[in-house]
Amino acid sequence: MEFLFSEFISPNCLVGKKPSLMEVLNSRDKKQFLQQECLKKHSCSLLSISLISPGGVKKNLLQEYLFFRALETIDSYLLKEKITINERLIKDEETGLYALISLEVDPMELKLRMIKLEESLPLARLWDLDVLDKQGNIISRKQTHQAELRKCLLCDQKAKICARKRLHSLDEINKRMQQIVVEDFLSQKVSEMAYRSMLEEINLTPKPGLVDAENSGSHRDMNRQTFLKSAEAIKPFWASFTLMGIHNSHESPELVFKNIRSLGLQAEKAMFSATSNINTHKGTIFSLGLVATAVGYLYKNQRKINSDSIGEFVSNATVGILEEFYGMEDREESIGIQLFKKYHLTGARGEAAEGFKTVRMNSLPVLYRYPRLNKEHRLLLALLNLISVNNDTNVVHRGGLEALEWMKNYAQNLLQDPLIYKDSNFLENQMKIFDKLCIDKNLSPGGSADLLALTWFFFELENNFLK
C-alpha cells in the first residue's frame, strides 16, 4: 500500500468509523475461533499481530500504516531468521486489521524474540504481538522473566498504570502516535531514497574504471553482485541514521556527528560481512549517513530540507574533522592519512567539511539543467562533471597526482564536446573509450562514484519526496 507524507501530517489520518459493541464482540469471537483452528491444524506456536488502539476508532489511515509496517518488519525478520511459516492469515475488519501466523518455533523463544522486536524501534511500541502456545495459552511478558512491562507512550510509568488512572487524554495519546508514525514514515522514505541512489550508481553503465552492469572496471576483487549485496546489507541503516537525527535534534550538529559514528561502524561491519571484507561502500556510508541524519535533524527542528540546508548541517556537524588528520600520527596509517600527509588531499572528510559543495555546485545542477534528457544521460553527464573537478583520492592512490590530472583533463575535454549533450549513443561510446583507458591505467574514480549516489539522493529528495 502506498502512503504519502502529507497524509500523516494531517489530523485526518486519525479519522475513522467507531465500531459498535456488537461488532467488537463478534470480531473477538471470530478471531479466537480462527486462532483455535490454526492451532488444531498445525499444532505449533501462533503469532497474533494486532495494534494498540486507544479510543473507539480501530481503523484509520494511521492504523493501516502501523499494521502493514508490522507485517513488513515481521516478515523480513522471519525470513532472516529462517523461521518456517505454516500458515498466514490477514483479516480486515471494521474493528481493525490483524494477522495470524503459524510458526515452527518454541513459543517461549518466539515471545522473547517478539519482545526484542517490539523494543527495537519506536514504531513497534504501537504493535501488539501476542504469542500463543500449542494449547492456545497466551505467553505473557511476565512469564519470560526477562522483560519489563511496557512503558507509557508519554511518560516513564508503566502503561497499565497510566491507562488505569487515565493520566493522559485520548488527544494527547493520538498526537503522540501520529508523531511516531510521521517520524517512522520519514525514516523509511529516506532509507528507500538512499538505497535507490546506491542502485542508480551501481547500475549506471558505462562508467570509467568503475564497476557497472557491463564489467568490473579496474577492480579485480569485486563485481556488480558484490555491490548489490553491499547495498542490501547497508539498507536498514539509512532509516536508523534518520531516526538518530530526529532523536538528537536538541543537540548541536557537532555532537550529533559524534553520536552517529558508532552507527556508521555498525553499517561498515554489515557491509564487510556481506562482501567478504571488500570495501564497496565505506565512503557512501559516511556521506549518505551524514545526509540521512541531517534530514531527520532538520525535520525535527522544523527547518527547510534541501541540498543547501543539508550541506550547512553537515558542514557544521563535521567542523574540525580535518584536524583529525593531525591527531593520527601514532595510529596505523590508512590510505586517507597517507594521501593527506603526502599531497594534503582531504578526500571524503574534506567533502563533508565543505557541506558536499562539489555535489551542490557541479553534479546536482547538471540534473536540473537538462530536464529533457533521460535519467541515464543526465547521470553520465553528472559523473563526468564530478570527475572533472574532484580530487579523487581513489585515483591518486592508484596512480598518483599525474593520474588524477589526466583523468580530470580527460573529463573536462569530453564536457567541451557539444555532441555528448545531444546524442546519448555518442556519449555512451565516449564513456566506453574512457572506461577502457581507465582499465588499462588501473584507475577508478570511486570517490566520484560515491558523490554521484549522493547527487541522485539530493535530486530525488527535492523533486519527488518534498513536493
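Predicted model: local features only at pLDDT ≥ 70, side-chain atom pairs only at ≥ 80, totals over all residues.

Q: How many helices and strands does the protein have, and what counts as one?
A: The protein has 19 helices and 4 strands. Helices are DSSP runs of H or I with at least four residues, strands are runs of E with at least two, and both are numbered from the N terminus. The C-alpha atoms fill a box of roughly 80 × 50 × 45 Å along the principal axes.

Q: Why is Leu-123 called buried?
A: Buried means under 20% relative accessible area, exposed means over 50%, and partly exposed lies in between (1.4 Å probe, protein chains only). Leu-123 has a relative accessible area of 1%, so it is buried. Leu-123 is found in the loop between α4 (107–118) and β4 (127–132). In the protein, buried residues make up 51% of the 467 residues.

Q: What makes a residue a contact of Leu-123?
A: Contact means heavy atoms within 4.5 Å. Leaving aside neighbours within four places in sequence, Leu-123 is in contact with Tyr-65, Leu-66, Arg-69, Ile-180, Val-181 and Asp-184. Of these, Arg-69 is 54 residues from Leu-123 in sequence, while their C-alpha atoms are 8.6 Å apart.

Q: Is Met-108 buried, exposed or partly exposed, and what places Gln-63 in its class?
A: Met-108, in helix α4, has 30% relative accessibility and therefore counts as partly exposed. Gln-63, in helix α3 (residues 61–81), has 4% relative accessibility and so counts as buried. Beyond four places in sequence, Met-108 is in contact with Ile-139, Gln-143 and Thr-144, and Gln-63 with Leu-51, Ile-52, Ser-53, Lys-58 and Met-177.

Q: Why are α8 and α10 called oblique to each other?
A: Two packed helices are described by the angle between their axes and the distance between the axes. Axes are lines fitted to C-alpha atoms, for helices over the stretch in contact, and angles run from 0 to 180 degrees between N-to-C directions. The axes of α8 (residues 224–247) and α10 (residues 282–300) come within 6 Å and cross at roughly 40°. Angles under 35 degrees count as roughly parallel, over 145 as roughly antiparallel, 65 to 115 as roughly perpendicular and the rest as oblique. The two helices, α8 and α10, are therefore oblique.

Q: Which residues of α8 and α10 meet?
A: Residues of α8, including Ile-234, Trp-238 and Phe-241, meet residues of α10, including Ile-285, Leu-288 and Ala-292.

Q: What makes a group of residues a nonpolar core, and which residues have the most contacts inside the largest one?
A: A nonpolar core is a set of buried Ala, Val, Leu, Ile, Met, Phe, Trp, Tyr and Cys residues joined through side-chain atoms within 4.5 Å. The largest has 122 residues, and Leu-47, Ile-49, Trp-127, Ile-310, Leu-384, Phe-434 and Phe-457 have the most contacts inside it. Helix α7 (residues 170–203) gives the most to this core, with 12 residues. Another core of 7 residues lies apart from it, with Cys-38, Leu-39, Leu-46 and Leu-100 among them.

Notes
Residues numbered from 1 in each chain as written. Heavy atoms only, no water.
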